Amino acid sequence: MAYRSTYLRPEKMILDLHHIQIAIPKDQEDTARAFYGGILGFLEVEKPPALRGRGGLWLKAPHVQLHLGVEDPFRAAQKAHPGFRVVSLQAAMSHLEASGIAYQFDIDLPDLRRIYIKDPFGNRIELLEVISS
């Protein structure tokens with residue numbers, strides 16, 4: 001099905017990416033804090049009062065806002081995933097190894113190297129380094 005806007009051209013609508021949301025299981029905020037904060041280095045941001053009762057977390061890193069929302073029943077994202085750019089993929093892999101986090105290589109593309117990890121809930125996450133030519 002083709003969509004056609006009569007109001008806005010696409011280049012006049014989207015400005016940038018505001019946030020990414022990933023689902024987590026109910027009552028697993030502390031596990032999420034340990035992984036996303038302790039391992040990946042995100043900082044927690046206070047959720048607005050109107051949303052606190054829903055559970056989950058809001059996190060940030062430079063240029064990224066990550067929302068972890070409770071989904072019940074929970075189902076991990078197996079294919080859909082965020083891709084987080086890292087300063088050094090080698091340093092990230094060393095950090096993951098020291099933290100006991102397994103990673104899996106994927107095909108490198110001409111301008112980037114990448115690996116995949118799973119969060120404690122089974123969600124797929126890509127870590128990538130852009131290679132300068």
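Predicted model: local features only at pLDDT ≥ 70, side-chain atom pairs only at ≥ 80, totals over all residues.
Hi everyone, let me start with a detail: Arg-124 lies over the face of Tyr-116, with 3.9 Å to the ring centre.

Now let's step back to the whole chain. The protein chain has 133 residues, and 32% of them count as buried. Its C-alpha atoms fill a box of roughly 50 × 45 × 30 Å along the principal axes. You can find two helices and eight strands in the protein chain, and going along the sequence they come in the pattern β-α-β-β-β-β-α-β-β-β. If we take the contacts with a separation of 6 or more, 53% of them are between residues 24 or more positions apart.

Next, the sheet. Which strands form it, and in what order? Four strands make an open sheet with mixed pairing, and the order is β5-β8-β7-β6. At the edges stand β5 (83–85) and β6 (104–105); each has a single partner strand, so one side of each is left without a neighbour in the sheet. β6 and β7 run antiparallel and are joined by two bridges. Here is Tyr-116 again: this residue of β7 is the bridge partner of Gln-104.

As a general point, nonpolar side chains in soluble globular proteins tend to be buried together. In this model, the largest nonpolar core has 23 residues, and those with the most contacts inside it are Tyr-36, Leu-66, Leu-68 and Leu-127. Several elements supply at least two residues each to this core: β1 (20–24), α1 (29–39), β3 (57–61), β4 (64–70), α2 (89–98), β7 and β8. Take Leu-66 as an example. Setting aside residues up to four places away in sequence, Leu-66 touches Ile-20, Ile-22, Tyr-36, Phe-42, Leu-57, Trp-58, Leu-59 and Phe-84.

Some of those names come back when we look at the aromatic rings. There are five aromatic pairs. In one of them, the rings of Phe-35 and Tyr-36 have centres 5.0 Å apart and planes at 90 degrees, so this pair is edge-to-face. Are these two residues buried or exposed? Phe-35 is buried at 5% relative accessibility, and Tyr-36 is buried too, at 0%. Together with Phe-42 and Phe-84, Phe-35 and Tyr-36 form one aromatic cluster.

Another edge-to-face pair is made by Tyr-103 and Phe-105, with 5.7 Å from centre to centre and 85 degrees between the planes. Here Tyr-103 is partly exposed, at a relative accessible area of 23%, while Phe-105 is exposed, at 56%.

My last stop is Asn-123, in the loop between β7 (112–118) and β8 (124–130). Beyond its neighbours within four places in sequence, Asn-123 is in contact with Ile-22, Ala-23, Phe-74, Ala-76, Ala-77, Ile-117 and Lys-118.

Key:
Residues numbered from 1 in each chain as written. Heavy atoms only, no water. Contact = heavy atoms within 4.5 Å. Phe/Tyr/Trp six-rings, centres within 6.5 Å; stacked < 30°, edge-to-face > 60°. Buried < 20%, exposed > 50% of the residue type's maximum accessible area, 1.4 Å probe, protein only. Lys NZ or Arg CZ within 6 Å of the ring centre and 35° of its normal. Core = buried A, V, L, I, M, F, W, Y, C linked by side-chain atoms within 4.5 Å. Pairing = 2+ DSSP bridges.
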